[in-house]
Amino acid sequence: MIAIPLTLGGLTSQSQAQDASPGPSGTFGPGCSALAQKANTAKDKVVEAAAAYPQLSQLVAAMVRAELGNTLDGRPAVTVFAPSQKAFQSVPASQLSSLLGNREQLKKVLTYHVVDKQITPDQLSKGSFTTLEGSKLTTSGSGTDFKVNNKANIVCGNIKAANATIYVVDGVLQPPS
C-alpha cells in the first residue's frame, strides 16, 4: 500500500526536452526527460509505478480517490493513457472539483484512460481499443508522434510496469456521452 496525498495543488511547471527519440528503456516522446523517475518501475504494479513519477501524482491521487488501485493492480496486463499534471491543470477548476467530488464519474473518466491489454508502440499508428469504461479510444500517428482521440498528445510513451504499459498524455480524456 502506498500513501498518496489526496490534495491536488502545489503543482510546479517543468520544461520539456525536445528529444523524441526512443530512450534506452524503449520510452519515447518529448516529455520523457521531464518525468524525473525515482526508480526502475518494471517490477511495480501500475499504481505504484505511476506513483514513482512526480508528474503523475494527480493521476495517482485521483486513482486512490476513485478506489481503482486494486482494480488496476489486479489485472495481468493493461495500458494506461496517463494524464500528466499539465493535463489536469488544463481542466477548469470547477469542472475538476466536481469530478473529484463524484466518485462514480471520476471512476468512469479514469477507466476511460485504461485498456485491458498491453499496447505496444507499433499498435499506436492506427489503433482502436475498448477501454475498461466500455467505450472506444483511438490512437494515431507515427514514429514518436502519437495522439489519442485526435486530441491528446502522447508526451512520453512505453513506460513499463509489472502489469502495465504507461503512455503519458497531455490531456484528460472524456468518455463519449
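Helices (H or I, at least four residues) and strands (E, at least two) are taken as DSSP runs and numbered from the N terminus. The structure described here is a predicted model, in which local features need pLDDT of at least 70 and side-chain atom pairs count only at pLDDT 80 or more, whereas totals for chains, interfaces and linings use all residues. Residues are numbered from 1 along each chain as its sequence is written, and side-chain values use heavy atoms, with hydrogens and water left out.

Confidence was considered at the outset. The pLDDT is the predictor's confidence in each residue, on a scale from 0 to 100. Its mean for the protein is 85, and 84% of the residues reach 70 or more. Over residues 1-24, however, the pLDDT is below 50. Beyond near neighbours in sequence, this stretch has 37 contacts in the model, a contact being defined by heavy atoms within 4.5 Å. Where pLDDT is low, the predicted coordinates should not be read in detail.

The strands form an open sheet of 7 members in the order β2-β1-β7-β6-β5-β4-β3, with mixed pairing; two strands are taken to pair if DSSP finds at least two bridges between them. In β5, K147 stands opposite S140.

In helix α2 (residues 57-65), the buried residues are Q58, L59, V60, A61, A62 and M63. Their cover includes the helices α1 (46-51), α3 (69-73), α4 (85-89), α5 (93-100) and α6 (103-111), together with strand β1 (78-83). After α2 comes E67, whose phi is positive, near 55 degrees. In α6, the buried residues are L106, V109, L110 and T111, and what covers them includes α2, α5 and β2 (114-115). An α-helix has 3.6 residues a turn, so residues three or four places apart point the same way.

The structure holds 1 disulfide, identified as a pair of cysteine sulfur atoms within 2.5 Å. This bond joins C32 to C156, with an S to S distance of 2.1 Å. C32 lies in the segment before α1 and C156 in strand β6 (residues 152-161), so the pair ties together parts that are 124 residues apart in sequence. The torsion about the S-S bond is about 100 degrees, and the disulfide is therefore right-handed. Both cysteines count as buried, C32 at 17% relative accessibility and C156 at 3%.

Also in the segment before α1 is G26, which is partly exposed, with a relative accessible area of 24%. When residues up to four places away in sequence are not counted, G26 touches G157 and N158. The C-alpha atoms of G26 and G157 are separated by 8.4 Å, although these residues are 131 places apart along the chain.

A search of the whole structure finds 3 salt bridges, each defined by a side-chain nitrogen of Lys or Arg within 4 Å of a carboxyl oxygen of Asp or Glu. In one of these, the side chains of R103 and E67 meet at 3.5 Å, N to O. The pair links distant parts of the chain, with R103 in helix α6 and E67 in the loop between α2 and α3, 36 residues apart. R103 is partly exposed, its relative accessible area being 41%.

A further salt bridge is formed by D116 and R75, whose closest N and O atoms are 3.0 Å apart. D116 lies in the loop between β2 and β3 (126-130) and R75 in the loop between α3 and β1, so this pair ties together parts that are 41 residues apart in sequence.

At 34% relative accessibility, K108 counts as partly exposed.

How values were computed. Buried means under 20% relative accessible area, exposed over 50%, partly exposed in between (1.4 Å probe, protein chains only).
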